[in-house]
Structure formats: C-alpha cells, structure tokens
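Subject: Structure handover

Hello,

Here is the structure I promised to pass on. Please open it alongside this email.

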Amino acid sequence: MRKVKIFTGSSHPELSAMILDRLGIPAAPATMKRFSNAETSVEIGVSVRNEDVYLIQSGSMQINDHLMELLIMINACKIASAKRITAVLPYFPYNKQSKKKKARGAITAKLVANMLATAGVDHIITMDLHSSQVQGFFKTTIDNLVAEPSIAKYIRERFPNYAESVVISKNAGGAKRVTALADKLNMDFALIHRERYHINQPARSKDDGMDGVENRLTLVGDVSGRDCFVLDDIIDGTHSFLDAAEHLKRCKASKVYIIATHGILSGNAMQEIQECDAVDEVIVTNSYPFADWKRAASTKLRVIDISGVLAEAIRRNHNGESISYLFHTAI
C-alpha cells in the first residue's frame with residue numbers, strides 16, 4: 001500500500017492497533033491535545049500532500065469529544081492537501097437518530113453526515129448502520145459493511161449443533177436481519193411480538209414503559225428444548241433483551257445467547273446481564289470500545305474480532321478493488 005497514511009483517533013486504540021497490525025502499516029504520527037477549557041487540538045505530524053488518508057475513529061462513551069476530534073483531524077488533513085480522506089467509523093455516531101420521533105425532534109444522523117462532509121471527508125467506511133436510510137444522508141460515497149459473515153463463522157465454530165438452534169428477533173423491526181442470518185446458516189427463526197395493553201394501575205417496572213401500560217410478549221415459533229440466538233444490531237440498554245430471554249426460557253428454550261454487532265452496554269447493563277439467569281452469554285463484536293470494568297463485570301461476555309474485515313476494506317478501497325466479497329465472507 002503506497003502513498004497511504006493511516007491515523008488513529010483516541011476512541012478505540014485497541015481496535016485501531018489490530019487493524020494496523022493486519023495491514024502491516026504503522027500509525028501515522030499525530031499529536032492530540034486537550035486544553036484546560038476542554039477544547040481539542042490536533043496536529044498532523046507528517047506530510048499528507050497527495051496521499052490517501054484513512055482516519056480510524058469509532059463511537060464511544062465520550063461520543064461528542066471523539067466526534068469533534070475526528071472532524072478536526074479530517075479538516076487538518078484537508079487543509080494539508082490530502083488527495084482523498086476516508087473516515088473509518090466501525091460504529092457510526094448518532095446513527096440510531098435517523099428520523100424524527102417527535103414533532104419537533106432532530107434527524108441527528110443527517111446532521112453528523114453533513115458535519116463530516118463540511119469537514120472535508122471524501123469517503124466513509126462503517127459497519128451495520130441501524131437504518132440503511134442513513135446511507136442516503138451523505139453526498140459522498142459510503143461503504144456499510146456487515147458483521148453477519150463474522151457472526152455466522154463464530155456460530156459455526158463455537159456451536160457444533162447450531163443447525164438445531166433458532167435465531168430470534170426480539171421485535172418485528174429486526175426480522176430482516178434475523179432471517180438473513182438464519183438463511184445463511186440454514187437455521188430456523190422465530191419472532192417475539194410485543195403488544196402494549198392499557199391497564200388501570202401504575203407500571204410495575206421500567207420495562208412497562210409508562211404508567212397504565214403493560215407489555216405482553218408472544219412468541220411466534222417453536223423453541224422448546226433448543227438453543228436460541230437473540231440477534232440485533234445494537235445492545236445498549238438491556239431491558240428488552242432480558243424480557244425476551246426470560247420469555248424464551250418460559251417457552252422452554254434450552255439456552256439463550258444474545259448477539260449484537262455493537263455492544264454499547266451503557267450504565268449497569270453488564271451487571272444486569274450477569275444477574276439474569278435467563279441469559280447464558282452475550283456475544284458482541286469489538287466495533288465499540290469496552291472499559292476494563294465492563295469486561296470484569298460479567299463472565300458472560302464474548303467478543304468477535306472484526307478488525308480483519310475493516311483492514312481488508314481499507315486495503316481494497318485503497319487499491320480500487322471491489323468490497324462485495326466482504327458482504328458474504330468472514331475475514
């Protein structure tokens with residue numbers, strides 16, 4: 001890979017190091033400072049004139065600081081006459097906010113896309129956007145990679161009897177994602193339908209959503225005596241996942257595994273998972289950084305490495321090769 005420079009932000013140094021190791025390229029030098037007033041400063045430590053530049057920066061628990069850091073890095077490279085600038089965002093910030101949920105709400109994912117374009121980005125590489133419509137927010141090109149091949153490979157290698165298991169969607173919105181994985185592995189799939197009933201009493205828990213409303217779950221499919229994989233793109237709060245796991249156990253499921261591409265797991269999520277007897281394991285990719293205390297909080301956490309997919313996407317993008325291979329093959 002000639003005429004290329006790869007810079008790493010501070011959001012996910014572990015994943016960045018793994019990507020660089022796979023590419024066999026050292027990180028290009030850059031100095032990042034934080035002033036006493038919390039402003040961020042970035043200085044590029046090498047010439048990028050007429051170079052193909054890649055900036056690796058994922059979403060994180062300090063999402064606003066790291067997004068600003070990325071914008072400054074992009075603009076610094078643009079001013080320094082880089083030939084092309086590609087932002088590698090394993091987890092795209094604010095991508096769940098892709099539509100107006102209330103009358104006076106904002107479409108924040110589009111705002112972030114506009115900010116990146118204004119900063120000077122030419123291309124985006126990301127993974128498993130919450131809504132595919134986010135791709136239309138960009139005037140520049142975007143490669144939305146998928147974790148499905150890596151997840152499928154993990155299931156094949158880790159669970160010898162996976163063909164007898166069931167892939168579960170915890171709501172109707174995730175049915176397309178679930179059926180795609182089920183078809184790839186030749187497995188059965190099932191759906192949990194959630195209904196809300198108005199009742200004349202206060203909500204019993206946070207899961208009930210609001211006073212006077214009760215959630216009732218209905219399983220569409222058969223899981224009796226079978227292992228279940230509850231699949232989604234993001235796991236942040238755990239209530240809907242734990243509700244689904246407990247319902248599956250009531251339906252006589254053997255074991256329940258939660259699988260998600262982006263393991264945000266904010267707040268006390270890991271502790272809640274650890275204390276829930278219905279969940280046997282939580283399997284996520286390393287697209288999102290984990291604090292050490294989160295890893296230590298639960299013995300149920302398993303991590304799939306997707307650095308190979310991102311590294312190969314960077315290599316193919318730089319060399320002008322097709323990336324369609326990555327949509328059906330694990331690296």
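Below are the notes on what was found.

The model is predicted, so local features need pLDDT of at least 70 and side-chain atom pairs count only at pLDDT 80 or more, while totals for chains, interfaces and linings use all residues. Residues are numbered from 1 along each chain as its sequence is written, and side-chain values use heavy atoms, with hydrogens and water left out.

**H262**

Start with H262. It sits in strand 12, residues 256-263. Helices (H or I, at least four residues) and strands (E, at least two) are DSSP runs, numbered from the N terminus. H262 has 0% relative accessibility, so it counts as buried. Buried means under 20% relative accessible area, exposed means over 50%, and partly exposed lies in between (1.4 Å probe, protein chains only).

The H262 side chain makes a polar contact with the side chain of S287, at 2.7 Å. It also reaches the backbone oxygen of D128, at 3.3 Å. A polar contact is a pair of N or O atoms within 3.5 Å; within protein, one must be able to donate a hydrogen and the other to accept it, and residues adjacent in sequence count only if both atoms are side-chain atoms.

Leaving aside residues up to four places away in sequence, H262 touches P90, Y91, M127, D128, D233, I234, I235 and S287. Contact here means heavy atoms within 4.5 Å.

**Cysteines**

How many disulfides does the structure hold? The count is 0. A disulfide is a pair of cysteine sulfur atoms within 2.5 Å. For C276, the closest cysteine sulfur is in C228, 14 Å away, which is too far for a bond. C276 is buried, at 7% relative accessible area. C77 is buried too, at 0%.

**E214**

E214 belongs to strand 10, residues 213-220. Its relative accessible area is 16%, so E214 is buried. E214 and Y197 are 17 residues apart in sequence, and their C-alpha atoms are 5.2 Å apart in space.

**Helices 1 and 9**

Helix 1 (residues 13-23) packs with helix 9 (residues 307-319) at an angle of about 55°, and the axes are 9 Å apart. Axes are lines fitted to C-alpha atoms, for helices over the stretch in contact, and angles run from 0 to 180 degrees between N-to-C directions. The contact uses L15, M18, I19, R22 and L23 of helix 1, and S307, G308, L310, A311, I314 and R315 of helix 9.

Best regards
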